[in-house]
Amino acid sequence: MPRTPAETDANARFTPNRPEIPESEWNDWRWHMRRRITSVKKAQQWIRLTPEEEQAIDKLAGKYRWSVTPYYASLMDPNDPTCPVRQQAIPALGELVEFTGAEVDPVGDMFYRKTNRVVHKYPDRVIMLITEACPVYCRHCTRKFHTTDVGGSYFRDNEGESFEEDLRYIASHPEIRDVLLTGGDPLSYRDGKLQEIISGLRAIPSVQIIRIGSRFPVLLPQRVTDELCEMLAQYHPIWLNTHFNHPKEITQESAAAVDRLLRHGIPVGNQTVLLRGINDDVTTMRTLMTELLNIRVRPYYLYHCDNVTGVSHFMTSIEKGWEIMEGLQGHITGFGVPQYVLTTRIGKIPIAQPYFSRTHEGLLLRNYRGEEMVVDDAIHPITERDAQ
Ligand code: SF4
């Protein structure tokens, strides 16, 4: 049966422009990849572009990559340019503004890069930037330089290219026990190529956990097939972190993709980026975190948006981040509260405000309602002698 806009999920109400598409095609991720939106004409089949959006698409051509899956386009409000899904995927003129202090590589990938794809920043773990391809090129991507910027990519991601040098580096550093596959989006590769990379890592005895950073569960959940999950499950422990930024992105399809991963023993965490005009309010964040728990995704990080070239217009203040964290901590289930962090060249730094301070009387504690109490024994622990 062809799907109609009124069916299937709550977000269908946002998709009056979606053409009728046979179920077999809609559920096939390759169909979506082949029909990605890359031109004004194609975008107009889904949304009513504003003159500013059209201008941005035109001016950014040749500078930043742009593509949107039909699935993700179906979540957009066709009439509202402030739609949180639309702002993440449709180019904006803000990407051309040179903001003070903006950098192309604020997290220091270039500095810590050891091989074509391996970035070794922390002692016991590395990231492998295995591809620059993504199903949707998110306008706020921290790695915009590697993924979206047409001239900025520094590594090769040809499927035919060998990963030997990268695997050799990891094998020759036995202190590396954790490898994060990222990019770009690793699930852009076909299953066979992905298996080749993962089995290569599994053959290294010192590698304990393999993590995958993928936004496919959000941008094209149909990619998370049973076949893919079965392949990944052969190489446990495998973990996957995804990237939901707004409750509108939680659909029947994305929940089903998460369910498939979980049923194959792959824990799913979420990394949200705090984005101006998209999720920078307490109500949206509370809904997002509680809805993630509903689909059994564990909120992991809330990233402060970095001052990345072409992304700065999405930045909020740290004070805004604190306000949101205050609106989460104590108000929702504890494990639904992500860690608020800033990514820097010296690593991820937790930046939430503390709920305590030292005073002469002891430790002054504050709860989520602003109530306070002093605990003196917390800073004067029992001595070894007392314990005997
Ligand atoms: S899918 Fe991830 S890597 Fe790709 S553009 Fe989006 S945020 Fe960046």
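Modeller: Before we start, one definition: a residue is buried if 20 or more other C-beta atoms lie within 10 Å of its own, exposed if 12 or fewer, and partly exposed in between, with C-beta atoms placed from the backbone.

Colleague: So is arginine 296 buried, exposed or partly exposed?

Modeller: Arginine 296 is partly exposed, because 13 other C-beta atoms lie within 10 Å. This is a predicted model: local features need pLDDT of at least 70, side-chain atom pairs count only at pLDDT 80 or more, and totals for chains, interfaces and linings use all residues. Residues are numbered from 1 along each chain as its sequence is written.

Colleague: Where does arginine 296 sit?

Modeller: In the loop between helix H13 (282-294) and strand E9 (298-304). Helices (H or I, at least four residues) and strands (E, at least two) are DSSP runs, numbered from the N terminus.

Colleague: What about the phi of arginine 296?

Modeller: Arginine 296 has a positive phi of about 65°, and it is not a glycine. Most residues other than glycine have a negative phi, and most peptide bonds are trans.

Colleague: Which peptide bonds are cis here?

Modeller: One joins glycine 183 and glycine 184, with omega about 10°. Another runs from histidine 236 to proline 237, with omega near 0°. Glycine 184 is in the loop between strand E5 (178-182) and helix H9 (191-202). Proline 237 is in the loop between helix H11 (226-233) and strand E7 (238-242).

Colleague: Which residues surround the ligand?

Modeller: Cys134, Tyr137, Cys138, Cys141, Arg143, Thr147, Thr148, Gly183, Gly184, Asp185, Arg215 and His243. The cut-off is a C-beta atom, placed from the backbone, within 6 Å of the molecule.

Colleague: Changing topic. How is the protein divided?

Modeller: Into domain 1 (2-92), domain 2 (109-350) and domain 3 (357-387). The bounds come from an automatic or database domain assignment. The C-alpha centres of domain 2 and domain 3 lie 37 Å apart.

Colleague: How many residues are in the largest nonpolar core?

Modeller: 81 residues. A nonpolar core is a set of buried Ala, Val, Leu, Ile, Met, Phe, Trp, Tyr and Cys residues joined through C-beta atoms within 7 Å. Tyr72 and Val136 are among those with the most contacts inside it. This core draws at least three residues from each of domain 1 (2-92) and domain 2 (109-350).

Colleague: What does valine 136 contact?

Modeller: Ser67, Val68, Thr69, Tyr72, Ala89 and Leu219, leaving aside neighbours within four places in sequence. Contact means C-beta atoms, placed from the backbone, within 7 Å.

Colleague: And glutamate 361, buried or exposed?

Modeller: Exposed, because 10 other C-beta atoms lie within 10 Å. Glutamate 361 is in the loop between strand E12 (356-358) and strand E13 (363-366). Not counting residues up to four places away in sequence, glutamate 361 touches Val374 and Asp376.

Colleague: Last one. How many helices and strands are there?

Modeller: The protein has 15 helices and 14 strands. Buried residues make up 39% of the 388 residues.

Conventions
Two residues are in contact if their C-beta atoms, placed from the backbone, lie within 7 Å.
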